[in-house]
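Here are some friendly notes to read alongside the model. Please keep the picture open as you go through the points.

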Amino acid sequence: MKNTVFSIWRFYVDGFRSMTLGRTLWFIILVKLFIMFAILRVFFFPNFLSSVATDGDKEGYVSNELIERAVGDPPPSISD
């Protein structure tokens, strides 16, 4: 088992050492992932739940919202 894991590790290390174009592509992929998860998250996905549920009862707020939306009035039909 240990020998198999070591041989797999050595295979990947040797593969990354011999890459020329691949290093640039991996760098581009990592930069894009950083932009998506670190920068865009801050601007486009604010922490709405913490601002609404101020008393720390996030579970209660979510359950009440789900129940109210499920029980609420149906949307008006096109003929109305």
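How many helices and how many strands does the protein chain have? There are 4 helices and 0 strands in the protein chain. The points below start from that outline.

1. **What kind of model this is.** Please bear in mind that this is a predicted model. The protein chain has a mean pLDDT of 82, and 89% of its residues reach 70 or more. Confidence is highest in helix α1 (residues 2-17), with a mean of 88. The lowest confidence is found in helix α3 (residues 48-52), where the mean is 77.

2. **The overall layout.** If you follow the protein chain along its sequence, the pattern reads α-α-α-α. The protein chain has 80 residues, and 4% of them are buried. Its accessible surface comes to about 7,800 Å². Carbon and sulfur atoms account for 68% of that surface.

3. **A salt bridge in helix α1.** The count of salt bridges comes to 2. One of them joins the side chains of Arg17 and Asp14, at 3.6 Å from N to O. Both residues belong to helix α1 and sit 3 residues apart, about one turn of the helix. Is Arg17 buried or exposed? Arg17 counts as exposed because its relative accessibility is 60%, and the cut-off for exposed is over 50%. Asp14 has a relative accessibility of 40%, so Asp14 counts as partly exposed.

4. Arg69 is exposed, because its relative accessibility is 68%. Glu65 has a relative accessible area of 22%, so Glu65 is partly exposed; the cut-off for buried is under 20%.

5. **Helix α4 as a whole.** How far apart are the end C-alpha atoms of α4? They are 20 Å apart. This agrees with the span that the 14 residues of α4 should have at 1.5 Å a residue, which is also 20 Å. Among the 14 residues of α4, the number buried is 1, so α4 lies largely in the open.

6. **Lys58 and its contacts.** Lys58 is also found in helix α4. Which residues is Lys58 in contact with, leaving aside its neighbours within four places in sequence? Those contacts are with Leu49, Ser50 and Ala53. Lys58 is partly exposed, because its relative accessible area is 35%.

7. **Aromatic pairs.** The count of aromatic pairs comes to 2. In one of them, the rings of Phe11 and Tyr12 have their centres 5.5 Å apart. Why is this pair edge-to-face? The planes of the two rings stand at 80°, and planes over 60 degrees apart count as edge-to-face. Phe11 is exposed, because its relative accessible area is 59%. Tyr12 has 48% relative accessibility, so Tyr12 counts as partly exposed.

Definitions and conventions:
Residues are numbered from 1 along each chain as its sequence is written. Side-chain values use heavy atoms; hydrogens and water are left out. pLDDT is the predictor's confidence in each residue, from 0 to 100. Helices (H or I, at least four residues) and strands (E, at least two) are DSSP runs, numbered from the N terminus. A salt bridge is a side-chain nitrogen of Lys or Arg within 4 Å of a carboxyl oxygen of Asp or Glu. Buried means under 20% relative accessible area, exposed over 50%, partly exposed in between (1.4 Å probe, protein chains only). Contact means heavy atoms within 4.5 Å. Accessible areas come from the Shrake-Rupley method with a 1.4 Å probe; for residues, only the protein chains shown count as cover. Rings of Phe, Tyr and Trp (its six-membered ring) pair if their centres lie within 6.5 Å; planes under 30 degrees apart count as stacked, over 60 as edge-to-face and the rest as tilted. The expected span of a helix is 1.5 Å times one less than its number of residues.
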